[in-house]
Amino acid sequence: MRRRIVVLYVFLAVIVSSLVAYVTYRYSSQMYISEVENSLKNEAVLLAYTLKNMNGSGINDGDVKEIAALMDANKADKTYERRITLISREGDVIADSSALSDSMENHLDRVEVKMALEKGLGTDIRKSETTNKNLIYVAYYSEDIDCIVRISATVEHINEIRNTILFYAVIAVLFAMVISSYIALKLSNFVLRPISRLVKEYGDNKEDRESRGRDKKDEVSQLSYTLSSLTQSLEDIIKELKDRNARVNTIINSLNNAIIAVDKSMHVIMINPVAKAMFNINYKNDPVGVPLVHIIRNKRINDLLIKSITGNMVLDDEIHLTENGKRIISVHVSPIYPDEGNENNGGALALITDITQVRKLEEIRSEFVSNVTHELKTPLTSIQGFVETLKNGALYDSNVAVKFLDIIEIEADRLRSLINDILELSEIENKKQETDLSYFKLHPLVAEISEMLSNAAEDKNIDIKIQVSPEIELRANRGHVKQLLINLMDNAIKYNKTGGQVIVSAQVFGSILEISVKDTGIGIPEEHTDRIFERFYRVDKGRSREMGGTGLGLSIVKHIVQLYNGSVRLVSREGEGSEFIVTLPVIAG
Ligand code: ADP
């Protein structure tokens with residue numbers, strides 16, 4: 001490689017220096033000739049002026065010879081000799097300093113003479129026919145003396161000058177060769193040494209590189225091979241990293257939790273779609289690199305992350321979000337370490353879970369427990385009270401004792417219904433899907449329930465009307481449909497007026513069965529209609545208890561309907577009556 005660089009360098013140096021030498025050689029000759037031409041021009045003009053003063057009369061060869069010798073003698077530059085010729089307008093030689101004018105032929109055809117007559121001044125370089133020497137001619141036509149003053153000079157010495165320039169040019173080329181070889185050698189060392197080092201440093205750990213690299217001594221080939229294998233390794237690493245990144249992104253994006261990672265200066269490193277949705281982030285571009293406060297204006301989350309970064313701490317908190325709907329989130333923050341074993345974190349990661357539903361369920365559960373406790377306590381306290389009174393003597397008053405025992409029976413009955421309803425509700429609630437499906441006709445079922453409730457209806461003189469086609473057959477859990485109808489029809493009787501009506505009707509729309517239980521009772525005020533299906537919710541607590549209600553009937557109805565993905569709705573007017581309409585997709589094709 002080194003040899004190639006030196007050869008190339010010397011070659012270039014020779015070419016360049018030769019070119020320079022040639023141009024210098026041509027240019028300097030040209031310069032010299034034009035210098036001589038100029039000087040001769042001035043002398044011709046001067047001579048014409050002198051001759052004018054002499055009136056030009058009787059000038060002969062001897063005179064001009066003397067003038068030429070005088071000029072040669074007085075000039076600083078003595079490298080050339082002058083020859084002066086005076087030529088008439090017609091081309092006849094009047095006087096000449098180097099030959100006999102009489103014997104000289106007409107000069108009108110001479111280039112410089114023609115030019116002088118045309119333009120006033122003419123020049124030419126050629127071999128003189130008279131002196132047989134290479135001459136430079138300058139002719140000047142003077143109107144004052146009406147003749148041409150021609151001064152010529154020998155140009156033999158120009159060749160000498162040219163030869164001298166050529167000699168120095170050759171010397172310069174040789175010198176350039178030596179110097180350039182030296183520089184090329186130094187330069188190649190300068191360039192190739194680091195390359196060799198690079199090859200050694202990066203190439204040595206590659207087994208196959210060594211085997212191939214050993215064959216090639218040329219450093220650049222080795223370097224190019226090393227670089228290409230380095231590029232290959234880099235490409236492999238980049239591909240591996242890209243794959244890993246894609247896998248991590250897929251995992252992060254498919255998580256149900258919100259994830260936000262920030263660097264030490266609280267700029268976003270990563271944020272997953274769940275987090276964007278949770279905080280309603282409609283950032284035009286990817287918010288990576290943006291300060292977190294610009295996209296999530298929640299002081300507590302920001303503070304938690306900062307605390308985790310500065311204190312290298314894992315922290316947990318529960319935050320109530322007010323913006324974008326009321327939600328409760330659990331935030332788990334931990335520092336991010338750039339690499340294993342590094343104690344300085346590079347930022348922090350927040351794992352955020354929406355626990356609104358969990359907290360709501362917990363609330364419902366605890367409310368339910370306290371409700372159940374309360375509901376159970378009431379009849380139990382009553383029973384306990386009457387038992388105490390009986391023990392304290394009332395037992396011996398048979399009238400009072402029977403009355404108290406009746407109350408105890410009613411309270412025990414209430415307890416039983418309550419426990420039954422709680423068990424029923426929990427059984428239905430825990431079911432993900434309806435089971436024990438069978439085909440049965442609706443009419444006989446409604447009739448059976450009507451019969452069951454006939455005593456209660458008769459007590460209030462209530463007329464139960466069944467408007468159900470005997471044809472309607474459904475596929476469902478008979479026990480659950482029965483429970484649903486009992487609860488609705490029982491309520492329709494319980495909350496009815498004396499002499500009122502209960503109408504049970506059914507309609508089929510494709511696979512949908514619509515059952516309506518309508519009464520002419522007390523109705524439900526509008527403000528209660530939204531909450532009526534909640535557990536233990538009653539419009540009038542006292543009245544419901546009095547009627548033996550548990551407050552769970554409609555809740556059971558709602559859960560049964562949900563098992564079928566059906567719906568239940570209430571149309572009611574206070575004082576006029578209520579209608580519960582249940583739709584169930586239970587009609588068998
Ligand atoms: P309860 O055992 O108290 O009847 P439910 O869950 O069946 O409990 O009903 C909840 C409340 O809804 C009742 O306490 C009552 O106030 C009201 N309610 C239910 N059905 C009717 C109806 N048909 N007419 C008027 N009010 C009703």
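Predicted model: local features only at pLDDT ≥ 70, side-chain atom pairs only at ≥ 80, totals over all residues.
Local features were required to have pLDDT of at least 70 and side-chain atom pairs pLDDT 80 or more, while totals for chains, interfaces and linings use all residues. Residues are numbered from 1 along each chain as its sequence is written, and side-chain values use heavy atoms, with hydrogens and water left out.

Val333 is part of strand β9, residues 327-336 (strands are DSSP runs of E of at least two residues and helices runs of H or I of at least four, numbered from the N terminus). Its relative accessibility is 1%, so Val333 counts as buried (under 20% relative accessible area; exposed is over 50% and partly exposed in between, for a 1.4 Å probe and protein chains only). Excluding residues up to four places away in sequence, the contacts of Val333 (heavy atoms within 4.5 Å) include Leu304, Leu305, Met313, Val314 and Ala348. A C-alpha separation of 113 Å was computed between Val333 and His107, which are 226 residues apart along the chain.

Four aromatic pairs were found in the whole structure (Phe, Tyr or Trp rings, the six-membered one for Trp, with centres within 6.5 Å; planes under 30 degrees apart are stacked, over 60 edge-to-face, the rest tilted). Phe167 and Tyr168 form an edge-to-face pair, because their ring planes stand at 70°, with the centres 5.4 Å apart. Tyr168 is exposed, at 53% relative accessible area. The rings of Phe533 and Phe580 are also edge-to-face, since their planes are at 90°; their centres are 6.2 Å apart. Phe533 lies in the loop between β15 (512-519) and α15 (541-546) and Phe580 in strand β17 (residues 577-584), so this pair ties together parts 47 residues apart in sequence. Both Phe533 and Phe580 are buried.
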